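Here is a short report for a reader new to this structure. Please look over the sequence and the model before reading on.

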Amino acid sequence: MAVIRVRTTKHTSFVNITSQVREVVRASGVKSGLCLVYVPHTTACVFINEGADPDVIRDIGYMVEKLIPWRENYEHAEGNSAAHIRSAIIGNSRVIPVEEGDLLLGTWEAIFLAEFDGPRERKVIVKVIKED
Ligand code: ZN
């Protein structure tokens with residue numbers, strides 16, 4: 001198991017962590033198996049989407065903001081309910097196939113840590129599981 005530490009710099013941000021996850025897979029020596037990427041936080045999460053055109057991620061951020069506004073009639077006293085809801089909906093883990101010692105991502109795919117209540121120091125747990 002490896003822990004990737006990400007220091008986010010904005011309140012809401014999407015950090016491309018693909019190269020760090022790839023490095024964990026390479027270092028594990030696993031040629032064929034699964035890579036679990038898990039974010040142990042309640043106001044940050046992880047997803048996979050296009051990493052080539054930054055406008056795609058910008059548009060995702062724009063729509064998440066619109067669908068789950070920061071100010072609403074929430075009860076949670078900490079005042080960050082929107083961050084909890086956004087993270088709950090997107091999800092805090094992804095599983096990626098590993099083949100030939102590398103992540104089997106699509107050409108345009110990248111792995112993003114989504115920060116919804118930063119800036120903070122975030123942890124991403126990566127576990128590479130070998131296929132029998
Ligand atoms: Zn909270």
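## Terms for the metal site

Donors are N, O and S atoms within 2.8 Å of the metal (3.2 Å for Na, K and Ca); water is not among the atoms, so sites may look incomplete. Four donors count as tetrahedral if all angles lie between 85 and 135 degrees. Four count as square planar and six as octahedral if opposite donors are over 155 degrees apart and all others between 65 and 115. Anything else is irregular.

## Basis of the model

The model is predicted: local features need pLDDT of at least 70, side-chain atom pairs count only at pLDDT 80 or more, and totals for chains, interfaces and linings use all residues. Residues are numbered from 1 along each chain as its sequence is written, and side-chain values use heavy atoms, with hydrogens and water left out.

## The zinc site

Four protein donors hold positions 1.8 to 2.2 Å from the zinc ion: His 76 (NE2), Glu 78 (OE), Asn 80 (OD1) and His 84 (NE2). Their spacing in sequence is H-x1-E-x1-N-x3-H. The arrangement is irregular because the four donor atoms subtend angles of 91 to 148° around the zinc ion.

Glu 78 is exposed, at 55% relative accessible area (exposed is over 50%, buried under 20%, partly exposed in between; 1.4 Å probe, protein chains only). His 84 is partly exposed, at 25%.

## The cysteines

A disulfide is a pair of cysteine sulfur atoms within 2.5 Å. By this rule there are zero disulfides. Cys 35 is in none; its nearest cysteine sulfur belongs to Cys 45, 17 Å away. Cys 45 is likewise in no disulfide.

Cys 35 is buried, with a relative accessible area of 0%. Cys 45 is buried, with a relative accessible area of 0%.
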